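Welcome! Please take a moment with the sequence and the model, and then let us walk through a few places together.

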Amino acid sequence: MEFGFIMLVIVLLVYYEKYCASSLLEIKKIAQKTSDNCKIILVNNNPSEIFEDDFTDVIYLKGDNSNYEFSGWDVALKYIRRNYNAEENLSVIFANDTFCFHRKWFYLKRISFIFFFFYFIKKRRRGIGGEVNSICQSYYIND
């Protein structure tokens with residue numbers, strides 16, 4: 001489904017070699033069903049090169065894991081700021097390589113992610129989305 005001028009950018013941060021290929025495959029399946037105007041940015045936060053796949057349809061960036069996921073997501077956000085027009089309607093979804101692990105993952109769960117992404121794009125039009133996990137204390141982004 002296409003939402004006109006909305007571009008969906010999915011940032012997949014990977015650290016674990018054992019989850020890399022499967023999580024990228026799942027993200028690709030979700031992206032294909034979500035939008036024709038979608039880019040996948042894969043940030044490797046592992047100190048070594050853990051990928052053997054060619055990334056012809058994925059933007060590949062190297063992170064340093066200095067601040068865990070956040071340093072990898074910062075790398076992706078800097079790339080997005082440099083390579084996409086700030087005025088265009090952009091929706092960004094962040095995921096870790098464990099998004100389809102450490103939980104019950106099956107076909108219907110994938111469908112629920114696709115519907116969430118549809119809703120996110122259609123209703124919000126612009127913004128940043130993703131699952132939020134509590135760390136039992138308050139924290140803020142941009143104050």
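A residue counts as buried when its relative accessible area is under 20%, and as exposed when that value is over 50%. With that in hand, turn to the cysteines of this predicted model. C100 has a relative accessibility of 7%, so it is buried. C20 comes out at 5% and is therefore buried too. A search through the whole structure turns up zero of them.

Next, find strand β1, which covers residues 7–14 and includes V14. This valine has 0% relative accessibility, so it counts as buried. Now look for D97: although V14 and D97 lie 83 residues apart along the chain, their C-alpha atoms are separated by 4.8 Å.

The structure holds 11 aromatic pairs. One of them joins F70 and W73, whose ring centres are 5.6 Å apart and whose planes meet at 90°, so this pair is edge-to-face. Both residues sit in helix α2, residues 69–83, and because they are three residues apart there, about one helical turn separates them. Elsewhere on your tour, look for F99, W105, F113, F116 and F117, which form one aromatic cluster.

Terms used:
Residues are numbered from 1 along each chain as its sequence is written. This is a predicted model: local features need pLDDT of at least 70, side-chain atom pairs count only at pLDDT 80 or more; totals for chains, interfaces and linings use all residues. Side-chain values use heavy atoms; hydrogens and water are left out. Helices (H or I, at least four residues) and strands (E, at least two) are DSSP runs, numbered from the N terminus. Buried means under 20% relative accessible area, exposed over 50%, partly exposed in between (1.4 Å probe, protein chains only). A disulfide is a pair of cysteine sulfur atoms within 2.5 Å. Rings of Phe, Tyr and Trp (its six-membered ring) pair if their centres lie within 6.5 Å; planes under 30 degrees apart count as stacked, over 60 as edge-to-face and the rest as tilted.
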